[in-house]
Amino acid sequence: MQSRAHVAIIGAGMAGAAAARRLADAGLAVTLFEKSRGPGGRMATRRLDGGVFDHGAQFFRARNPRFATSVQSWQEAGLVAVWDADHADVDTHPRFVGTPAMNAPVKALIGDLPIHTGNPVTALHEDGARWRVVAEGTPDLLFDAVVIAIPAGQAQTLAATADWNPPALVPARYAPCLTMMLGYPEPLDLPAFMAIEDETIAWIADNSSKPDRPLPRGESDMHCVVIHATPDWSRAHLDADMQDVIGQLYARHVGITGIMDEPVHGDAHRWRYAQVSDPLGEPCLIDPARRLAACGDWCLGPRVEAAFDSGEAAAAALLEVL
C-alpha cells in the first residue's frame, strides 16, 4: 500500500466530516462525496424568499469532553452560539446552533479537503487492493479505504455493491419527519422553542430567535418558524401531497399557538431518515481486512454529538488498519 493512504468518505454530514478531519489530521489523504449541493446533512439551513429556516436538526448539545472541546473552539471562532441564552445558565448542557447556518461546524471540520457535492455515490467495486468509487457526474476514482457515513438504509444499499452485508445495517433504524417552514411579514410573540405533546406536531421553533438569523428588517425579510411533525404522523403522511401536509400542519399550528397572522411563505420538507429510533449501540462498523467502515448517528443515538463520536470512531478504527 502507498505510504499516504487515500480514503473516500461517502456522506458529508457531521459523521463524515468528523471522520474526514480525524483521518486528515493523522496525515492521510481524504476525499468526500456528498449527494446534496453542500455539506451538513440534517444540519441544514434553507434560505427562501428572504427567510432563513433550520429545517433539519434544531440544535445540539456537548456532553463528552472531546466534542465539548470542539464546540468551544467553534464558539470562539464564531461558528456556533448558544440558543436561548436566558436558559443557558440553568442548563448544564446548553443548546448550541451553528452560525450563521447549522452546517457551519461541519464546513469547519471539512475545511479545504476535496469534496464532490451533488454527486451521489452509486457503487463500490474492489479493484485489486483498492476500492473504485462510482459516483454520478465524476470519473471513477481509486481509494485505499472507504468510510460510509450516510443513513443506515442508504448505507446498506451502497455496502451491498461491495458485497459487504453486515446485519447491523438495517433501514428501520430511523423515524421520518415532515417539516413545515412558515414565514411571516412581522415579528411574532412566540417562545424560542416549544416541545409539544401532540399527535400531530412535536416541535415548534421560532427560527428568527436563533443567533445570527436575520430578523425582519425590510420588505424581503421574514420572521421564520419551523414546525416538526411527530414521527407517527410523519410516517402516516410521508408520501401525501405536500400541499395537503402544509394545510394540515398549519391548521394544527394555529390551534396550538393561537397565531392567526397570515404567513407570506409556506413550504415543507420530507425527511425520510430524520431521527434514530433504534441505535446500534456500537460506535461504528468496520471490516478491517477490506478497509471498509460505516458510521453515523444510527450507531449511537439521535444526536449531533453521537454522529461526531461515530465518525471519529470509524476513523480511529481505520487508522489501526492503515
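Author: We begin with contact, which means heavy atoms within 4.5 Å. In this predicted model, among contacts in the chain between residues at least 6 apart in sequence, 69% join residues at least 24 apart. Because the model is predicted, local features need pLDDT of at least 70 and side-chain atom pairs count only at pLDDT 80 or more, while totals for chains, interfaces and linings use all residues. Residues are numbered from 1 along each chain as its sequence is written, and side-chain values use heavy atoms, with hydrogens and water left out.

Reader: How many helices and strands does the chain have?

Author: Helices (H or I, at least four residues) and strands (E, at least two) are DSSP runs, numbered from the N terminus. The chain has eight helices and 18 strands. Its radius of gyration is 20 Å, close to the 20 Å that the globule rule gives for 322 residues, so the chain is as compact as a globular protein of that length. That radius is taken over C-alpha atoms, and the rule is 2.2 Å times the number of residues to the power 0.38.

Reader: What percentage of the 322 residues count as buried?

Author: Buried means under 20% relative accessible area, exposed over 50%, and partly exposed in between, with a 1.4 Å probe and protein chains only. Here 53% of the 322 residues count as buried.

Reader: Which residues have the most contacts inside the largest nonpolar core?

Author: A nonpolar core is a set of buried Ala, Val, Leu, Ile, Met, Phe, Trp, Tyr and Cys residues joined through side-chain atoms within 4.5 Å. The largest has 49 residues, and I9, M14, F60 and V147 have the most contacts inside it. Leaving aside neighbours within four places in sequence, V147 touches residues including V7, I9, L23, C295 and L318. A second, separate core of 27 residues includes A155, A162, A168 and V276.

Reader: Is D212 buried or exposed?

Author: D212 is exposed, with a relative accessible area of 55%. Although not a glycine, D212 has a positive phi of about 65°, and is placed in the loop between β14 (201–206) and β15 (223–229). R291 also has a positive phi, of about 60°, but R291 is buried, at 12% relative accessible area. The loop that holds R291 runs between β17 (285–287) and β18 (292–294).
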